[in-house]
Every structure is written in structure tokens, then in C-alpha cells.
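Subject: Structure handover

Hi,

Here is the structure for your files.

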Amino acid sequence: MTDRAGRRRARRLAIGAAVVLALAGMNGPWLYRFGTEQYHEYKINRPEYKAANGKWEIVEFPKEYRQNTIHAALLHTGKVLLVAGSGNNQDNFDAKKFDTRIWDPVKGTIKKIPTPADLFCTGHTQLGNGNLLIAGGTKRYEKLKGDVTKAGGLMIVHNENPDKPITLPAGTKFTGKENGKTFISKDPVLVPRAKKVFDPATGRFLRNDPGLGRIYVEAARSGKKYETGTEDNYRVQGLTGADARNTYGIAQKLALDKKDFQGIRDAFEFDPVAEKYIKVDPMNEARWYPTLTTLSDGTILSLSGLDEIGQLVPGKNEVYNPSTKAWTYTKKIRQFPTYPAISLMQNGKLFYSGANAGYGPDDVGRDPGIWDLETNKFTKVPGMSDQKLLETAGTVLLPPAQDEKYMVIGGGGVGESEKSSKKTRVIDLLKDNPKFVDGPSLEKGTRYPQASILPDDTVLISGGSEDYRGRGASNILQARLYDAKNGDMRRVADPLVGRNYHSGSILLPDGRVMFFGSDSLYADKANTKPGEFEQRIEIYTPPYLYRDARPSLSGGPKTVQRGDSATFSTQHASSIKAARLIRPSASTHVTDVDQKSIALDVKTSGNSVTVTVPKNRNLVQSGWYMLFVTDDQGTPSKAQWVRVP
């Protein structure tokens, strides 16, 4: 386009905008709104605006491929796994209609994947072999007070026999010694044998500590008269002799109160090449809302969740071995709320930001700190502002990962609280006595914020809502870029779609970011109209992709050992200043402990760039990574997939 033609086009656009605004002034609110919308569209599509603020676009799948996406993970094939399970829809659950899709963001293709269990509210993480480990999900939907027809709750089964465990089948009847009421178990339960306790000073036997089993029980008949109000001992029907003497139940109130979701033990690996689920050994504990975190040796720690009776798993964490496909308990017990944000540190310990996504007492496992899994020592870290507002907060390991700085973003009160925090807090774990300090504030208190690391060492922070699940039409249509190098944060283009509960974000290999999900409780300010699940995908194109050119990257090996170097081809070697290995995300419920951006040493020569991978396996966990190089303007290449074995 010639300069003269460009000036003519700019003049026409300016005149057109002025005419629209003038007409709006003469013709009332409708034209004013129309004109404002037209001008807004014009403004956000100007090249200079996009170069400064980026751009949002909506992707709407064909109707037959839409689903209520709860979980998403980027696969090393470049495709995105979108998991709904029953999609927070009990009709789907009752019909055993469980959904998974694979979406190719380059080709735009979508494929339905057979889903073997209800993976709604499961846990997931990337494995070293490139598969995605998925564990837990939904056994039963919650029942609200008023919908519960049979009194029920938790029965603790005691076994005082030190010589053998005992198994009680589903359908076992428990009758109260004082209240005389009978309750029936819904599942089998294995109760371990009692533990003999000795006095170490004298060597004398002191007592037996009974083995304990937990089981959900329910009254045989409906009605309020079958409720109990106090603790009672329960005789186990059908047992005789020593078993009858040694085995009994104790239950608190068994009532018509709300019953929480129940979890499953099922576990699977998803194979991105075969594009199918592969069943592996189930977990020892059923879990709904668990977090899966990679450990130093490449095994996977499964934490927290609601169990098969809807209770918070009592601190019994377990580890998955990808070689044997089996699970073993950790040596010690430690309890956290559900979906705790727990990440592996460079020294092999675990960092817990205090952020979580839901269930659990408000006084158990909510303090941020550093956890030595081997010794079970937990060291609290101070300085967290709004510490009682960490439920539904976001946590991100700021780039580059070597700096070991974490940011905790927003959050809200426990449960269905209307309280929310506008704080961001940053902690430097490499300091001798690390503590949180406040970073730049958000404009509004924000629950469910999404945070995605970008290849230029910025973090995209977007969405969320001021109130629980977007109540009161409180979705926040704002986005910001946080610069991890200097701590600045600035507003960028506003998203088009509100995102709160059950939403997430994923960095794509081309440098864009996709957003999925959102599950508002209500659709109006008065909280009278039920909300609908947001099925549209939205893509954010960051400002760096609206510059004149981006560096190329091609060739090179597909596998690079820790401590080794690898050489790739590029047409822009002289301008390349940095390289990052970014671990692909696995996101759900404001929890994504997988994502991290690792700085690589860079050397350029001719038409090539050579990068060196750090040696620390706690920093560079085994698996597939996106390799980006960025130029002196911070513009990234498209990613090359590289595996670190």
C-alpha cells in the first residue's frame, strides 16, 4: 500500500467513526450503543492496538462436538486433550455419558474419545514417557439438603483383633446399641488388624490400638425418624465369636444433611499417539479433587481429595510408579484441602502455596510452607496477605524456573464465601528465610484467576469472578501481563468471555493461549436464573505475535539429555537472545502444577542456535517440553518439541 493510499484509508476510517458518533448523538441510546460497539471493534483491531495489547478470538465447535470441558492438557503431538467426564451434569452421570475430545488447534479438527469412567474432577499430570496420568473422578454426585431421603453418613469400623484384618461386605448392617437404629453399608470395607502397643522402657504390653476402617452407611428406610443426633456404638450384624467381640462401629450424627461428592480409585494413562486411555492399577484411596505432583525420581504423588464416602482423605497420600503402573502409600500422613497447589522444588522438597480449590476444614492444611516428604517435616512460610482468602487462588512458578519465585493470585473465602482478594503475593524460595511480599494488586477481588506462562518471561493473568462461581454477574472481563523480570503488571485487551469455576488456560506451541470452560452458578445479577456451562474456547494472541517477524526454529534432535547441548537451525541467529523449555500444562480448578519455563544457555553461530539443558532433574523433570527461542524484542519462535529422558 502506498503512503497516499494509506493516508486516504486512515482518513476514511476517521470520518466513518466521526459520522457514527455524530449520528449516535442525534438518534438516542440505540445508535449510541451501536456506534460505541463499532468504534470499539475498530479500535481493538487496529494494528498498533494489537501490537500493544494482543487480541481475543472465540472458537465455537460444531454442536455435536461441544462439551462441558472441566480439564485440559497439552499433548506432545501439539493437540489438546479436553476432558468433561459427566461435565458437572448428573443426568450425564446417571446415563454413564462421559465425554473426552481431542482438538488440533492448527488443523481445527476435533475427535471424540471413548471415556472409560467419570473423570469429572479428576487429577492429572504429564509423565516422563509423554503420556498423561489421570487418577480419580466421581463416584456419586452431591445431594443437597432437602434432596436426601435416607439418613446416612460416616461409620468408623474398629477392629481390636491384633492377629488379623477383617473385611465387611457391602450390605453389612450396623445396629446402634443405644438408639436401636440400623444402617447399611454401601461398599465393602477392609479394616486392618489392631496394633499392639508396648512400653519401650519396660517392654510390657500396654494395649491394642484398634485398626480403623471408614464406610458410608445409610438407613434402610426413608424418613426423618431414622436420623440420629449423637454418637453411638454399633453392633455389626452377622458376626459371631471373636469377630463379633472385636469388631464394632462408631458413628456421630447420621442425618439428612447435605452429602458431598464421592471419589473413585480408577487411574489411567492417556496415550497421545494412540489417542486412547490405558487402564493402570487403581489408587489405594478413592479421590475426587486430587492434585498429582511429580517427585524427584519421576514418580507421581497423589494428594488429598474426597474419598468414596465423601470425606476428605485423612492425609493418606500415595505415589504412582510409571514403571510398575502401581501405587504405594507414603510413609507419613499429612492432610491438605482438595486440589492443593503443591510443586517440586529444585532441592527435591515440595512447596505448598496455600492455594487450593475447595473442600476441607478451614483449619486443616491451609498454611503455606515447604514440605520434606521424606521426613514429613513441614516448615511454614510467613508473609501471606489475605491468608484466609486462598481458596480458588491461582499459583504460578514465575519464569524462569531457576529463580524459584512463585506468585499467588487472588483467591476467596472457604466454601461459598462471597469474599475475595485482589492481592498478588510473591515469594523467593532461594532466600535464606523466604517470605511472601505483596506484588501489584488486581483491580477487583478475584476468585478463579487463570495464569499462563509465556515464552518472553511474562505471565498472562485473566478472568475469574469477584464472587463464588460468578454469583451476582461478577465475572471479570480483564486481562493483564505480568513481567517477571521487573515486577510490572499492565492491562491488555479484555477477554470476550467470562471465566470462573471449572475454567482453565493452556499455552499453545505457536505462542497463543487457549481458555476453556466456566460454570457460573447463576446467569443474572439477581441470582434467579440458573447459569449455563460455557462451551466456547477463546484464544488470546499476545502482543509479541503482532510484530513484523518472529525467529524461525527447526531441525535439531528430538531428545536431549540433562546437561547436554543441542543445535537447531534458524534464519535469525544474530537476533536470538534467549531460549526456554516450557513444560506443557495440565489445567483444572485453578490448579496447574505442571507448567514451568526453564532458561537455557544459548549460543548462536551462522544459521544455527545451540542450547544447553540444565543438569538438575528436580528442575528439569523427565518428559516432553516446548522449546522456544526469543529475539531481542522478546518475540518467540514457534515451539519445537523436545524430550528430556
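The largest cavity has a volume of about 180 Å³. This is a predicted model: local features need pLDDT of at least 70, side-chain atom pairs count only at pLDDT 80 or more, and totals for chains, interfaces and linings use all residues. Residues are numbered from 1 along each chain as its sequence is written, and side-chain values use heavy atoms, with hydrogens and water left out.

Terms for the search: on a 1 Å grid over the protein atoms alone, a cavity is a set of points where a 1.4 Å probe fits but cannot get out. A pocket is an open set with protein on both sides within 12 Å along at least five of seven lines, and lining residues have an atom within 4 Å of a point. Points are joined across faces, edges and corners; a volume is the space filled by probe spheres set on them.

**Cavities**

The whole structure holds 10 cavities of 30 Å³ or more. Around the largest cavity are 18 lining residues, with Ser343, Asp592, Val593, Asp594 and Gln595 nearest its centre. Strands (DSSP E runs of at least two residues, numbered from the N terminus) contribute here. S22 (291-294), S26 (342-344) and S30 (394-397) each supply at least two lining residues. S30 has the largest share, three residues.

**Pockets**

The largest pocket has a volume of about 860 Å³. Its lining counts 36 residues; Asn88, Glu142, Phe261, Tyr468 and Arg469 lie nearest the centre.

The second largest pocket comes to about 700 Å³. It is lined by 23 residues, and Leu190, Gly213, Arg214, Glu285 and Lys316 lie nearest its centre. Strands S13 (189-191) and S16 (211-219) each give at least two residues to this lining. S16 gives the most, with three.

Strands pair if DSSP finds at least two bridges between them. S24 (318-321) and S25 pair over four antiparallel bridges. Asn321 has Ala326 in S25 as its bridge partner.

Best wishes
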